[in-house]
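Dear colleague,

Please find below the structure for your review. My findings follow it.

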There are 4 protein chains.
Amino acid sequence: MSAFLDRWHEECGIVGVFGHPEAGTLVYLALYALQHRGQEASGIVACDGSDFHAHKGVGLVTQVFSEERLRILRGHIAIGHNRYATTGASSIANIQPLSICCAGGEISMAHNGNLVNADLLRRALKATGAIFQSTTDSEVILHLIARSRETGLVAQIADALRQVRGAYSLVFLTREGLIGVRDPHGVRPLALGRLAGGSVMLASETCAFDLIGAEYLRDVAPGEIVRINEKGIASFTPFPEAEPARCVFEHVYFARPDSRVFTQPVHGIRKRLGQELARESPVAADIVIAVPDSGVTAALGFAEVSGIPFDTGLIRNHYIGRTFIEPQQSIRHFGVKVKLNAVREVIEGRRVVVVDDSIVRGTTSRKIVKMIRAAGAKEIHMRISAPPTVSPCFYGIDTPTRQELIAADHTEDEIRKQITADSLKYLSMAGMFRAVYNKPDGDNRHFCAACFSGNYPIPLDEAAVKEETAQMALFEV
Amino acid sequence: MSAFLDRWHEECGIVGVFGHPEAGTLVYLALYALQHRGQEASGIVACDGSDFHAHKGVGLVTQVFSEERLRILRGHIAIGHNRYATTGASSIANIQPLSICCAGGEISMAHNGNLVNADLLRRALKATGAIFQSTTDSEVILHLIARSRETGLVAQIADALRQVRGAYSLVFLTREGLIGVRDPHGVRPLALGRLAGGSVMLASETCAFDLIGAEYLRDVAPGEIVRINEKGIASFTPFPEAEPARCVFEHVYFARPDSRVFTQPVHGIRKRLGQELARESPVAADIVIAVPDSGVTAALGFAEVSGIPFDTGLIRNHYIGRTFIEPQQSIRHFGVKVKLNAVREVIEGRRVVVVDDSIVRGTTSRKIVKMIRAAGAKEIHMRISAPPTVSPCFYGIDTPTRQELIAADHTEDEIRKQITADSLKYLSMAGMFRAVYNKPDGDNRHFCAACFSGNYPIPLDEAAVKEETAQMALFEV
Amino acid sequence: MSAFLDRWHEECGIVGVFGHPEAGTLVYLALYALQHRGQEASGIVACDGSDFHAHKGVGLVTQVFSEERLRILRGHIAIGHNRYATTGASSIANIQPLSICCAGGEISMAHNGNLVNADLLRRALKATGAIFQSTTDSEVILHLIARSRETGLVAQIADALRQVRGAYSLVFLTREGLIGVRDPHGVRPLALGRLAGGSVMLASETCAFDLIGAEYLRDVAPGEIVRINEKGIASFTPFPEAEPARCVFEHVYFARPDSRVFTQPVHGIRKRLGQELARESPVAADIVIAVPDSGVTAALGFAEVSGIPFDTGLIRNHYIGRTFIEPQQSIRHFGVKVKLNAVREVIEGRRVVVVDDSIVRGTTSRKIVKMIRAAGAKEIHMRISAPPTVSPCFYGIDTPTRQELIAADHTEDEIRKQITADSLKYLSMAGMFRAVYNKPDGDNRHFCAACFSGNYPIPLDEAAVKEETAQMALFEV
Amino acid sequence: MSAFLDRWHEECGIVGVFGHPEAGTLVYLALYALQHRGQEASGIVACDGSDFHAHKGVGLVTQVFSEERLRILRGHIAIGHNRYATTGASSIANIQPLSICCAGGEISMAHNGNLVNADLLRRALKATGAIFQSTTDSEVILHLIARSRETGLVAQIADALRQVRGAYSLVFLTREGLIGVRDPHGVRPLALGRLAGGSVMLASETCAFDLIGAEYLRDVAPGEIVRINEKGIASFTPFPEAEPARCVFEHVYFARPDSRVFTQPVHGIRKRLGQELARESPVAADIVIAVPDSGVTAALGFAEVSGIPFDTGLIRNHYIGRTFIEPQQSIRHFGVKVKLNAVREVIEGRRVVVVDDSIVRGTTSRKIVKMIRAAGAKEIHMRISAPPTVSPCFYGIDTPTRQELIAADHTEDEIRKQITADSLKYLSMAGMFRAVYNKPDGDNRHFCAACFSGNYPIPLDEAAVKEETAQMALFEV
């Protein structure tokens with residue numbers, strides 16, 4: 001799904017830089033490279049070894065930070081966060097990094113993921129006098145750290161995280177350096193890189209390394225804590241081993257195609273998704289087009305295997321801002337038209353395969369199909385480069401509710417009718433894993449695919465699920 | 001001292017309104033009336049019985065709040081705060097009201113005053129796992145409340161405040177209503193009022209009542225806690241009785257002349273200060289002028305007793321904004337000229353008495369004297385309607401350091417030379433209290449006059465004093 | 001009338017500086033000193049001998065200009081303009097200085113006053129192909145200059161101005177220097193000053209000289225053109241002599257009391273207005289108070305002659321911004337209360353003389369009287385330090401329409417009833433001129449007092465009057 | 001050339017809507033669709049049959065216009081303009097539409113193109129008293145209209161345009177309706193469309209019609225004036241016929257691929273450019289990639305003919321704002337990296353054909369080549385889908401100076417060395433015209449290709465050329 005009215009939202013991108021005189025500016029550039037992981041708000045905290053300097057704001061990275069603001073973010077250590085709200089209302093207090101002052105000194109933290117037992121812990125902490133300033137699940141982690149009886153921040157963090165359950169990739173900033181953590185299941189990515197002068201860097205995706213010229217070293221391992229300071233990089237593995245549950249949606253949908261995620265280049269996976277799709281669901285057609293930009297790579301794969309030529313049948317307008325003013329008198333398919341326009345010359349009189357990476361509610365797909373039909377297509381064959389999404393995510397992705405997910409309670413053919421396509425095919429689960437593993441018998445053992453299967457690898461807090469589902473119901477109205 | 005480069009700063013004005021459908025807007029208007037008590041930042045939190053709605057920002061009340069912002073502040077209960085920083089750096093996190101979520105639910109608090117044992121308590125709280133979000137002393141109070149084992153918020157507040165030492169007038173906002181507190185010494189003011197429809201109001205000064213048409217009922221008493229909710233106003237006195245130590249500077253300098261403070265109308269006191277000054281330090285002169293606006297009332301008192309006519313010899317420009325751009329090539333007495341201009345016609349060829357309410361560093365007074373001299377004055381006699389200020393305040397006023405206070409280590413005659421006046425006289429301590437009490441034998445028993453005497457009625461934390469003095473020394477450079 | 005809801009508005013303040021490396025910043029400071037002459041918009045154009053640099057904006061001087069903006073205004077010559085709209089809608093194109101490029105090169109102009117035959121000329125110019133960019137009357141002057149067949153800018157300006165009728169003080173900026181003009185009747189003021197280093201300055205009032213340390217030399221004479229460039233100051237008198245018609249309202253109402261206007265210090269005139277008023281309309285009372293700030297000087301004069309003590313019975317709040325948010329549920333006398341508060345202690349139980357400088361519609365006066373009554377006054381005696389205002393101004397003051405002027409068709413006693421005062425007295429015309437001339441037999445020969453008398457010294461364009469009256473009628477609805 | 005540091009700039013997009021109650025909002029949407037034609041500033045003027053309502057500002061369309069601003073733009077007729085400065089400094093006065101008031105009433109005009117005899121005309125107009133407010137060449141047209149002795153606006157416009165020489169597509173707004181004009185050579189495009197309810201529309205490209213659901217009717221013909229009002233669409237051809245000289249660069253570079261320009265769909269031309277390029281300059285390689293977004297269509301054409309597979313080897317980041325902050329310590333190829341990232345997986349170990357649409361200075365191409373090399377390419381073969389650009393444009397495109405155009409004085413091989421590619425080939429002139437005409441013997445008779453050939457179809461004002469060249473020389477320093 002590519003048009004702005006109907007999308008999956010990643011919740012966060014996180015970054016850390018240690019040992020560079022312009023650490024704040026490098027974090028800013030890295031957050032810009034990770035902008036696709038969260039466009040709602042952004043924050044950076046830098047430290048010069050003594051004072052912490054912070055700036056946060058609502059909007060895109062380039063809107064939140066000016067040259068003047070970056071000048072304030074002095075120091076050789078910095079962390080940053082891009083946010084798309086999962087939990088916590090949209091207030092300044094909820095924008096990360098979160099900064100606190102506790103017995104261990106000043107600490108800032110940025111979190112990608114979502115805890116499933118945060119409410120329980122929150123209630124327990126309050127009962128003993130804890131004060132909460134934000135409504136994010138992430139603040140719970142800081143309280144557990146502040147209260148840990150362990151010695152040393154790494155041990156305190158490990159102590160705190162042994163009490164939480166869920167998905168978390170974390171970067172911490174202290175006066176001495178950075179600490180990076182990935183949860184034992186390794187749900188969310190976190191990569192380690194090195195800059196030319198020896199500075200060390202952490203980032204959700206490797207495209208952030210590319211922009212500022214850092215080299216990708218390796219992933220922070222599931223369950224690993226890395227401490228980065230003047231002495232170098234130290235690694236700790238304080239958690240019991242757990243079954244890997246990497247988020248397959250990162251590969252299929254979220255990550256930038258020029259990134260490596262979970263050590264694998266994303267572009268190749270995307271292309272193979274299209275190839276598998278062409279093998280599973282071939283169709284007689286004249287042209288393959290993509291819903292840009294996210295569907296392009298899979299569409300190239302589909303074209304390659306099917307032998308049907310690829311062309312740019314939809315053009316995307318990138319000048320869009322945050323607020324777009326709609327005329328009172330409705331223009332047909334307005335929402336989609338602000339972003340996309342069909343190229344009549346490519347489409348007219350042709351049997352068209354349209355490759356997209358997902359269908360959420362179906363409303364946008366329907367508008368796209370109608371737009372392509374209006375441009376003269378003879379037949380329209382939708383091909384989705386992933387299985388149907390049937391279950392919400394509780395590990396950090398801003399999914400629509402079950403009721404909003406059209407695939408949750410509609411068959412492929414029902415959806416096809418709704419979006420008015422001549423045919424519709426999703427990729428199979430097996431096909432997806434063949435593409436992800438790049439071998440004929442890929443299976444699901446190392447990934448979380450709960451959104452496609454409903455099987456949640458990390459047990460959910462039943463109460464939380466109910467509450468969340470109730471809330472979702474409210475939002476639907 | 002009246003010009004903007006060299007002033008005492010009050011730290012805060014606080015307000016609360018209960019039981020009015022537009023509580024947020026009334027608090028906004030009241031904060032506007034209390035703008036003189038803090039111009040750096042402003043905040044309001046409102047509650048509709050369920051949700052809390054907050055807005056804070058840097059700047060004047062009319063800059064921080066727009067109509068749109070006020071619309072968000074829904075609810076029939078609201079509190080607000082104007083701030084001039086005393087402790088705590090100038091960040092958003094430090095702007096009050098402070099809002100927290102704890103076992104007792106959501107609470108917001110606004111604080112006028114300063115605690116002298118905040119650092120000690122902060123360290124102790126951190127040692128048991130407390131997390132601090134701001135660097136204000138006020139946050140300590142919230143932690144002590146969240147940790148109290150007492151039952152009920154009033155009891156928890158009392159429990160918390162029994163552990164702190166210093167000056168505090170407080171307003172709390174909860175889902176049910178307001179709570180107002182004044183410390184046992186009654187250092188800072190807090191008045192109780194009633195609006196036409198029965199709504200109840202708390203405010204630092206009664207001028208806030210006048211603007212929105214509320215009636216002044218009484219002061220919250222020293223050591224009193226008032227709880228205002230649907231059942232009415234309940235009063236609690238949970239603290240051991242203490243010696244009154246009202247801040248005399250409120251009368252002499254800070255409060256608006258149209259306010260009542262500590263039950264007394266301020267205008268009359270200011271006028272009597274001028275009368276006493278004329279009795280103590282008469283001088284043969286042709287005209288009495290004031291440094292506007294704050295010196296005017298005392299100057300009228302001086303004129304009345306001395307029989308020398310009063311005239312407006314200095315005109316004040318009120319269009320000034322927060323930032324004023326200075327030319328590179330220095331204009332003589334520039335800083336003062338942006339605010340004041342001498343009226344040559346009033347001054348030329350005359351022996352002039354200039355009444356002001358204080359001298360801080362002496363630099364501004366010197367510029368004013370020179371400006372008056374340049375306008376043709378034959379003689380210039382400075383008369384200050386208060387005693388020399390010799391000691392910093394630790395109870396909530398943003399005083400210059402001891403080293404910056406010219407009167408701390410200079411005699412009256414040395415100051416006279418520095419400011420280049422023909423004569424200079426301060427009011428005596430006894431004269432000040434005669435004016436304050438409006439009787440011939442006024443004494444100091446019920447007021448804190450530490451800034452004039454160096455006698456601190458609430459014992460200071462020795463370490464804190466040292467640290468603060470050290471910091472002050474830093475700022476001086 | 002002093003409260004913001006009901007005021008006369010001056011239309012403009014103008015400034016020019018020649019021969020100073022920071023001419024733009026000096027003009028900015030001078031405009032700040034002249035802020036009372038126009039608060040709606042502001043503009044500066046500077047020239048470095050080659051390029052023109054301009055910045056204009058809506059708002060107060062300190063809002064329109066930032067340090068960055070001033071840096072752009074490079075050059076040793078600059079002119080500036082504060083505006084309160086008289087003619088011309090409130091668009092950017094109408095903010096002065098107006099800059100044009102014509103055969104004579106680039107010229108910028110700032111205008112204080114109003115032309116009475118602008119519409120006629122505008123129509124004639126259009127008929128020959130002229131293009132107008134603004135809707136201001138001032139643009140007509142520029143067209144006439146651009147079309148003049150005379151040689152040299154001074155001759156062209158004289159040629160142009162011989163064709164216009166009305167009130168105008170003008171400053172022009174060219175690559176070579178400044179040109180200042182005052183119309184033959186001398187309706188609006190324009191003063192000439194000199195800075196320490198030899199720079200020359202033009203300004204509407206001398207308070208602008210005081211702020212930046214310039215010395216007042218003399219007024220530009222009625223009908224005089226002064227040309228200021230590297231060779232010095234040259235004077236031209238190209239117009240036939242005319243009867244002087246200085247605007248008496250400048251003295252009575254508009255100008256700052258610390259200014260000289262038409263060579264006379266304003267403060268003394270204001271004070272004598274109060275003195276004459278006390279002589280003409282004495283009353284038995286306990287206290288004299290003023291409507292601040294503009295009524296204070298006359299109130300002191302009234303107190304002096306009457307022997308009744310002056311006190312500050314009304315306090316003005318100066319923190320007001322441009323937009324003030326009003327509660328839905330009306331607060332009594334809200335509009336006035338935002339600006340003024342009564343000091344009960346001064347007023348309670350007393351017979352009060354309230355001195356103000358005018359009554360426009362009467363609504364604000366009524367609110368003030370009621371506010372004073374509510375503060376406990378036994379009797380309230382309004383004294384107005386000018387005659388009743390009965391006719392609109394066509395020479396550059398933003399007057400209400402005739403229908404809005406309460407004095408236009410109500411007797412003194414009718415007005416008294418409307419404003420609910422116990423007595424009301426205006427100063428007589430003769431009394432006003434005694435005060436202005438400072439002699440017992442002052443007469444009206446050298447002043448325009450049309451607003452008090454309806455006698456217009458410069459013939460009006462009948463059509464224009466009708467149209468303007470029609471427009472006014474529209475605005476009234 | 002696709003990266004933001006080194007691009008050709010179109011100067012303008014223009015739009016007009018007649019007969020729709022939300023004309024202003026439709027123009028806003030159309031300008032958004034034409035954003036690629038000018039990103040520096042934007043303006044809309046609307047008319048409700050009586051008053052003109054305007055808003056202009058610096059920035060993207062979505063930045064300049066808010067909902068509130070659009071509400072002000074009332075009326076059923078509106079015109080708009082996107083601007084990238086060609087002539088005229090970057091001041092508010094130069095942002096179009098230009099609005100004037102002349103004998104014929106109020107008129108607004110938006111201009112796409114550039115006049116070659118504007119300076120001459122400007123001087124002549126000034127000599128007869130004309131006043132210029134902007135420094136744009138467009139203002140000359142308005143003066144000529146205002147001075148025309150013809151009767152009726154269409155005749156006056158024709159009269160005015162017979163005096164100018166150059167490239168112009170124009171839309172005019174009057175109280176009655178729209179007027180659209182295209183110069184006799186038809187250099188710039190202008191298309192006519194119709195909305196569902198019968199409203200009529202003019203726009204530079206048809207993609208503006210698509211967004212708001214208008215139907216493309218036909219092009220305004222070279223030398224045609226269309227008048228659109230309540231009576232319908234009237235066509236006038238008042239100019240002597242001239243040789244067509246359509247700007248071929250619109251096809252090759254500027255227009256959106258989903259637009260029709262000069263009646264032809266752009267996408268097909270772009271694709272054929274790539275096909276011709278593959279035929280003219282084949283190369284043994286493993287992969288074809290494009291410099292996104294503008295090079296993609298030609299790259300697909302190249303891939304198709306060559307049989308080498310196309311892949312997305314460069315990813316573009318679209319979140320960029322207007323100001324991007326660069327670190328002090330230079331990151332290699334920083335400028336390019338902010339926009340582009342190489343996909344190592346696609347490139348590594350491969351022989352790569354890179355298709356781009358132009359090379360301006362060569363610096364960006366060099367950075368792109370080095371970025372691809374760093375991603376592991378074995379060979380890099382640059383293919384440019386247009387001939388070398390050797391001459392500046394005087395008809396409305398913001399070209400670099402001759403000295404900045406690397407192809408102006410370097411051979412293909414010299415350029416290849418500079419950009420460090422293994423091979424470099426431009427498309428031939430003949431190849432370009434084969435693609436444009438879509439027939440084997442396409443020639444240049446109907447197009448202006450001066451930027452590729454130096455042959456200027458409209459005679460230039462010699463003085464102007466010299467001056468412009470001199471200015472360019474200045475800018476180079």
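In β7 of chain B, B:Ile107 is the bridge partner of B:Ile100. Please note that this comes from a predicted model. Strand β7(B), residues 105-115, runs antiparallel to β6(B), and 5 bridges join the two.

Both strands belong to an open sheet of 6 strands in chain B, with antiparallel pairing and the order β6-β7-β8-β9-β13-β14. Strands β6 (98-102) and β14 (232-236) of chain B each have a single partner strand, so one side of each is left without a neighbour in the sheet. On average, neighbouring strands of this sheet are turned by 20 degrees against each other, direction ignored.

Two helices of chain B lie across strands of this sheet. Helix α5 (residues 138-147) lies across β6, β7 and β8 and runs at about 135 degrees to β7(B). Helix α6 (residues 153-161) lies across β7, β8, β9, β13 and β14, at about 25 degrees to β9(B).

I turn now to the interface of chains B and C. The contact involves 59 residues of chain B and 60 of chain C. About 4700 Å² is buried between the two chains, and carbon and sulfur atoms give 60% of this area. On the chain C side, C:Tyr32, C:Tyr319 and C:Ile325 supply 16% of the area buried against chain B, more than any other three residues.

There are 2 salt bridges between the chains. B:Lys271 forms a salt bridge with C:Asp311, with the closest N and O atoms 2.5 Å apart. Helix α1(C) gives the most to the side of chain C that touches chain B, with 6 residues. That side divides into 30 nonpolar, 19 polar and 11 charged residues.

With kind regards

Notes. Residues numbered from 1 in each chain as written. Chains lettered and ligands numbered in written order. Predicted model: local features only at pLDDT ≥ 70, side-chain atom pairs only at ≥ 80, totals over all residues. Heavy atoms only, no water. Pairing = 2+ DSSP bridges. Helix = DSSP H or I, 4+ residues; strand = E, 2+ residues; numbered from the N terminus. Axes fitted to C-alpha atoms, helices over the stretch in contact; angles between N-to-C directions. Contact = heavy atoms within 4.5 Å. Buried area = accessible area lost by both parts, 1.4 Å probe. Salt bridge = Lys/Arg side-chain N within 4 Å of Asp/Glu carboxyl O. Nonpolar A, V, L, I, M, F, W, Y, C, P; charged D, E, K, R; others polar.
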